[in-house]
Amino acid sequence: MSDDLSPEDLEDRLIDFAVRVGKVADALPDTRMGRHVTDQIVRSGTSPAPNYSEGCAAESRRDFAHKLSIGLKELRETKTWLRFIRKADLLPAHRLSDITDEADQLCAILSKSIHTARTGGRRS
């Protein structure tokens with residue numbers, strides 16, 4: 001993962017992730033469990049992109065870190081739903097590996113951005 005990812009590139013990745021989450025949701029079975037998981041993963045998986053976009057217009061570093069923290073929490077929730085889908089055999093594991101990897105990468109990127117915003121770029 002390159003350190004020179006532009007804000008626009010990251011926002012595009014988050015939007016692409018949301019689109020992929022939508023496709024996972026559409027592939028879930030039309031059962032009580034499938035519908036419940038669909039609602040949950042759509043909510044959590046589509047919110048990081050707008051939270052990041054809001055963060056980019058933040059009034060301070062603290063506000064920026066807060067908005068990104070919300071996006072990170074939602075990404076982590078989405079990762080949990082992806083694990084649940086796999087463990088409940090709602091979709092085959094091979095259909096979830098790429099999106100799970102992307103969720104991991106996006107979590108790492110947002111975590112690093114939050115840390116940088118909170119420390120002012122100072123090394124710990």
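These legends describe several close-up views of one predicted protein model.

Residues are numbered from 1 along each chain as its sequence is written, and side-chain values use heavy atoms, with hydrogens and water left out. Because this is a predicted model, local features need pLDDT of at least 70 and side-chain atom pairs count only at pLDDT 80 or more, while totals for chains, interfaces and linings use all residues.

**View 1**
Read from the N terminus, the order is α-α-α-α-α. Helices (H or I, at least four residues) and strands (E, at least two) are DSSP runs, numbered from the N terminus. The radius of gyration is 15 Å, close to the 14 Å of the globule rule for 124 residues, so the chain is as compact as a globular protein of that length. That radius is taken over C-alpha atoms, and the rule is 2.2 Å times the number of residues to the power 0.38. Along the principal axes, the C-alpha atoms fill a box of roughly 50 × 25 × 25 Å.

**View 2. The chain is shown by its surface, burial and contacts.**
The accessible surface comes to about 7,500 Å², and 49% of it belongs to carbon and sulfur atoms. Accessible areas come from the Shrake-Rupley method with a 1.4 Å probe; for residues, only the protein chains shown count as cover. Of the 124 residues, 37% are buried. Buried means under 20% relative accessible area, exposed over 50%, and partly exposed in between (1.4 Å probe, protein chains only). A contact means heavy atoms within 4.5 Å. Among contacts between residues at least 6 apart in sequence, 75% join residues at least 24 apart.

**View 3. Helix 4 packs against helix 1, helix 2, helix 3 and helix 5.**
Helix 4 has 27 residues. Its first and last C-alpha atoms are 39 Å apart, close to the 39 Å expected at 1.5 Å a residue. The expected span is 1.5 Å times one less than the number of residues. Buried residues of helix 4 include Leu68, Leu72, Leu75, Trp81 and Ile85. An α-helix has 3.6 residues a turn, so residues three or four places apart point the same way.

**View 4. Threonine 78 is a buried residue of helix 4.**
How accessible is threonine 78? Its relative accessibility is 0%, so threonine 78 counts as buried. Leaving aside neighbours within four places in sequence, threonine 78 is in contact with Phe17, Val21, Ile41, Ser44 and Gly45. Proline 48 is 30 residues from threonine 78 in sequence, and their C-alpha atoms are 9.9 Å apart.

**View 5. Valine 24 and glycine 22 both lie in helix 1.**
Valine 24 is buried, with a relative accessible area of 7%. Not counting residues up to four places away in sequence, valine 24 touches Leu82, Ile85, Leu91, Leu96 and Ile99. Isoleucine 41 is 17 residues from valine 24 along the chain, with 8.8 Å between their C-alpha atoms. Glycine 22 is partly exposed, at 23% relative accessibility. Glycine 22 and threonine 46 are 24 residues apart in sequence; C-alpha to C-alpha, they are 8.0 Å apart in space.

**View 6. Helix 5 covers residues 97–119.**
Its 23 residues should span 33 Å at 1.5 Å a residue, and the end C-alpha atoms are 33 Å apart, which agrees. Among the buried residues of helix 5 are Ile99, Glu102, Leu106, Ile109 and Leu110. The buried residues of helix 5 pack against helix 1 (7–27), helix 3 (48–56) and helix 4 (61–87). Just after helix 5, glycine 120 takes a positive phi of about 70°.

**View 7. Aspartate 89 sits in the loop between helix 4 and helix 5.**
At 65% relative accessibility, aspartate 89 counts as exposed. Its phi is near 55°, a positive value in a residue other than glycine. Most residues other than glycine have a negative phi.

**View 8. Aspartate 63 has its place in helix 4.**
Is aspartate 63 buried or partly exposed? Aspartate 63 counts as partly exposed, at 22% relative accessibility. Glutamate 102 is 39 residues from aspartate 63 in sequence, and their C-alpha atoms are 25 Å apart in space.
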